[in-house]
Amino acid sequence: MMFKNLFKAVVLTIALLTLNGCSSDDDTPTPAPVDTRSFTTDASTDFFINRDGTVDLVITGEFTDGGTVVERGLVYGTASNVQVNTTNTVVSFFGPQNDITGYIENLTSGQTYHIRGYFEMSDGSYFYGNEIQASTDVDASNTRSLSMEIESTPFFISSTEITPKLNITESLKELPVEIGFEYSLNNDFSNSTIELITDYASEYTNGVLVGNSYATEVLDGFSPSTQYYFRPYAKYADGTTTNAGTNTVSFTTNN
């Protein structure tokens with residue numbers, strides 16, 4: 001009888017240990033998923049000054065999204081902790097290895113903007129990265145450059161009219177407020193005349209004006225059978241003028 005009771009006690013002990021072990025496993029909480037998202041915006045920015053004085057900012061950084069992302073971009077404003085709304089975001093350009101470059105265009109000059117990257121998730125929530133400050137109180141007088149040339153054959157020429165064609169091949173940091181032609185009867189451009197172009201193709205991409213941007217203007221009042229010397233002309237907002245290089249061409253009007 002004693003042996004029988006001892007056997008029952010052992011069986012009961014094993015059963016209790018088994019139950020306790022099962023109960024312990026069931027009560028272990030499931031680890032929360034690790035949030036691996038990140039959006040790091042570089043503190044250093046670049047800029048481009050438009051013809052109307054507004055400023056484009058060039059923003060760079062890198063990201064790791066994680067989860068289901070509907071949209072990635074930059075959000076900006078004049079106050080800190082800026083939130084996404086319908087007027088203050090720009091979708092960014094993404095490169096290899098999760099690099100990002102974004103262009104925030106036509107900003108008011110002389111302002112400080114708060115900028116950070118964001119992810120819009122599939123559930124409608126937003127993830128925000130670090131916030132930086134970038135100023136549009138910028139000066140390009142020491143860094144801007146401009147390349148223009150007049151084609152050797154005019155678009156049109158008669159005895160009293162000349163329509164030269166000006167190619168704008170590159171404009172860095174700042175676009176001039178005036179672009180035109182300077183011409184003279186003399187090859188040293190003494191007693192020259194400035195004729196502005198009222199409208200021109202100012203096609204630029206991401207702060208750099210390049211390729212196939214040109215301007216023409218019908219100029220009249222010339223004398224027949226006369227040689228005239230032409231070169232490009234430009235003027236910046238601060239009053240600085242330039243001929244954008246050494247390009248000079250000559251045209252002789254018809255009889």
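**Asn106 and phi**

I looked up Asn106 and placed it in strand 7, residues 99-107. This is a predicted model, so I read every value below as computed from it. I checked the backbone next: Asn106 has a positive phi of about 60°, though it is not a glycine. I noted the background: most residues other than glycine have a negative phi.

I then turned to Phe189, where phi is near 60°, again a positive value in a residue other than glycine. Phe189 belongs to the loop between strand 14 and strand 15 (193-196). Is Phe189 buried or exposed? I found 6% relative accessibility for Phe189, so I logged this residue as buried.

**Charges over rings**

I asked what sits over the ring of Phe189. I found the charged end of Arg231 there, 4.1 Å from the ring centre. I also logged Lys173, which lies over the face of Phe47 at 4.4 Å from the ring centre.

**Ser184**

I went to Ser184 and found it in strand 14, residues 178-184. Its relative accessibility is 2%, so I count Ser184 as buried, the cut-off being under 20%. I followed the side chain of Ser184 to two backbone atoms. It reaches the backbone nitrogen of Asn186 at 2.9 Å. A polar atom of the Ser184 side chain also lies 2.8 Å from the backbone oxygen of Ser190.

Which residues does Ser184 touch, not counting those up to four places away in sequence? I listed Phe189, Ser190, Asn191, Ser192, Tyr228 and Tyr229.

**Aromatic pairs**

How many aromatic pairs does a search of the whole structure find? I got 13. I took Phe39 and Phe63 from the search. Their ring centres are 6.3 Å apart and their planes stand at 35°, so I call this pair tilted. The pair links distant parts of the chain: Phe39 is in strand 1 (residues 38-41) and Phe63 in strand 3 (residues 55-64), 24 residues apart. Both Phe39 and Phe63 are buried.

I checked accessibility for each ring. Phe63 is at 7% and so counts as buried. Phe119 is at 0% and so counts as buried.

I also recorded a cluster in which ring pairs link Tyr183, Phe222, Tyr228, Phe230 and Phe251.

Strand 4 (residues 69-77) pairs with strand 5 over three bridges, in the antiparallel sense. I looked up Gly73 and found its bridge partner in strand 5 to be Val91.

Key
Residues numbered from 1 in each chain as written. Predicted model: local features only at pLDDT ≥ 70, side-chain atom pairs only at ≥ 80, totals over all residues. Heavy atoms only, no water. Helix = DSSP H or I, 4+ residues; strand = E, 2+ residues; numbered from the N terminus. Buried < 20%, exposed > 50% of the residue type's maximum accessible area, 1.4 Å probe, protein only. Polar contact = N/O pair within 3.5 Å; in protein donor to acceptor, adjacent residues only side chain to side chain. Contact = heavy atoms within 4.5 Å. Phe/Tyr/Trp six-rings, centres within 6.5 Å; stacked < 30°, edge-to-face > 60°. Lys NZ or Arg CZ within 6 Å of the ring centre and 35° of its normal. Pairing = 2+ DSSP bridges.
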